[in-house]
Amino acid sequence: MVRKVEGRVGLLSLALLLTVAACEEAQEHTAPAIYERDSVSMMTSYGVNTLISDSGVIKYKIVTERWDVNTMRDPSCWTFEKGIFFEQFDEKFHVEAYIQADTAWYFDQKKLWKLRGRVRVRNVNGLVYESEELYWDGMRNELYSNVFSKVTTPERTMEGTYFLSDERMTHYTVSNSKGSFIREDMTGDKKEEETPQVGDSLEEAKPILRPQTIKHAKTPQR
């Protein structure tokens with residue numbers, strides 16, 4: 001009888017240990033939060049068509065399918081994953097440029113726009129800029145790109161591996177460039193000529209270096 005009791009006690013103890021172990025294992029494998037804190041948007045808007053102001057002055061009109069605002073990320077940013085189209089205004093609310101891209105990020109603390117995928121910019125003077133990536137620095141009031149860019153104006157077409165411009169795209173620089181010019185741009189002679197292509201591609205320039213390989217005259221105001 002004693003052996004039977006001892007056997008039952010042993011089985012009961014083993015079952016209890018297995019139960020405790022199972023509970024401890026379940027606690028150890030508790031699933032974490034689905035999203036990390038810095039990946040959750042504080043605001044998500046759909047079908048956006050709105051005006052954005054800076055220091056009390058309306059600067060942009062934004063049209064986008066989806067707009068996410070994340071203030072917990074470091075640095076905080078706005079995300080436009082479904083593409084963006086916006087108009088840029090001057091102080092008198094006149095349209096200065098039209099800009100569109102497949103994806104965009106705006107880092108509000110740095111006042112920096114990052115546009116990617118079929119980026120296209122057109123200003124009021126007829127200049128058209130095309131690239132796969134463009135940065136817009138609101139602190140320095142300039143635009144730049146480290147990838148292949150194409151600039152087309154009524155007078156000429158330029159292509160290069162680095163682009164730098166003021167916000168209005170009236171004074172710009174293209175490095176390692178090729179394209180067609182009107183001689184008047186350089187010498188006053190109206191005869192059109194082709195510029196030779198630069199040889200091997202230059203090492204990719206860094207935005208902070210702001211290379212000044214070729215400078216172009218300001219696009220005439222209309």
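Is Thr79 buried or exposed, and at what relative accessibility? Thr79 counts as buried at 10% relative accessibility, where buried denotes under 20% relative accessible area, exposed over 50% and partly exposed in between (1.4 Å probe, protein chains only). The model is predicted, so that local features need pLDDT of at least 70 and side-chain atom pairs count only at pLDDT 80 or more, whereas totals for chains, interfaces and linings use all residues. Residues are numbered from 1 along each chain as its sequence is written, and side-chain values use heavy atoms, with hydrogens and water left out.

Thr79 belongs to strand E3 (residues 77-80); helices (H or I, at least four residues) and strands (E, at least two) are DSSP runs numbered from the N terminus. Apart from neighbours within four places in sequence, Thr79 is in contact (heavy atoms within 4.5 Å) with Arg66, Trp67, Asp68, Arg73, Ala104 and Trp105. One of these partners, Trp105, has Lys114 over its ring face, at 5.4 Å from the ring centre. Such a placement requires NZ of Lys or CZ of Arg within 6 Å of the ring centre and within 35 degrees of the ring normal.

Tyr60, Trp67, Trp78, Phe80, Phe86, Tyr106, Trp113 and Trp136 form one aromatic cluster. The structure holds 15 aromatic pairs, a pair being rings of Phe, Tyr and Trp (its six-membered ring) with centres within 6.5 Å; planes under 30 degrees apart count as stacked, over 60 as edge-to-face and the rest as tilted. Tyr60 and Phe86 form an edge-to-face pair, 5.8 Å centre to centre with 75 degrees between the planes. Because Tyr60 lies in strand E2 (residues 57-70) and Phe86 in strand E4 (residues 84-89), this pair ties together parts that are 26 residues apart in sequence. Tyr60 is buried, with a relative accessible area of 12%, and Phe86 is buried as well, at 0%.

Strand E9 (residues 142-145) is covered on both faces: Glu142 and Tyr144 on one side, and Leu143 and Ser145 on the other, are all buried. In a regular strand the side chains alternate between the two faces of the sheet. E9 pairs in the antiparallel sense with strand E8 (residues 128-137) over three bridges, pairing being assigned if DSSP finds at least two bridges between two strands. Glu142 in E9 is the bridge partner of Asp137. E8 and E9 form a hairpin with four residues between them, and Asn141 in the turn has a positive phi of about 55 degrees. E9 also pairs with strand E12 (residues 162-166), in the antiparallel sense over four bridges; there, Phe163 in E12 is the bridge partner of Ser145.

The structure holds one cavity of 30 Å³ or more, and about 40 Å³ of space lies in the largest cavity. On a 1 Å grid over the protein atoms alone, a cavity is a set of points where a 1.4 Å probe fits but cannot get out, and lining residues have an atom within 4 Å of a point. Grid points are joined across faces, edges and corners, and the volume is the space filled by probe spheres set on the points. Strand E5 (95-101) and strand E7 (112-123) are the elements that give two or more residues to this lining.

Key:
1 Å grid on protein atoms, 1.4 Å probe; cavity = no way out; pocket = protein on both sides within 12 Å on 5 of 7 lines; lining within 4 Å.
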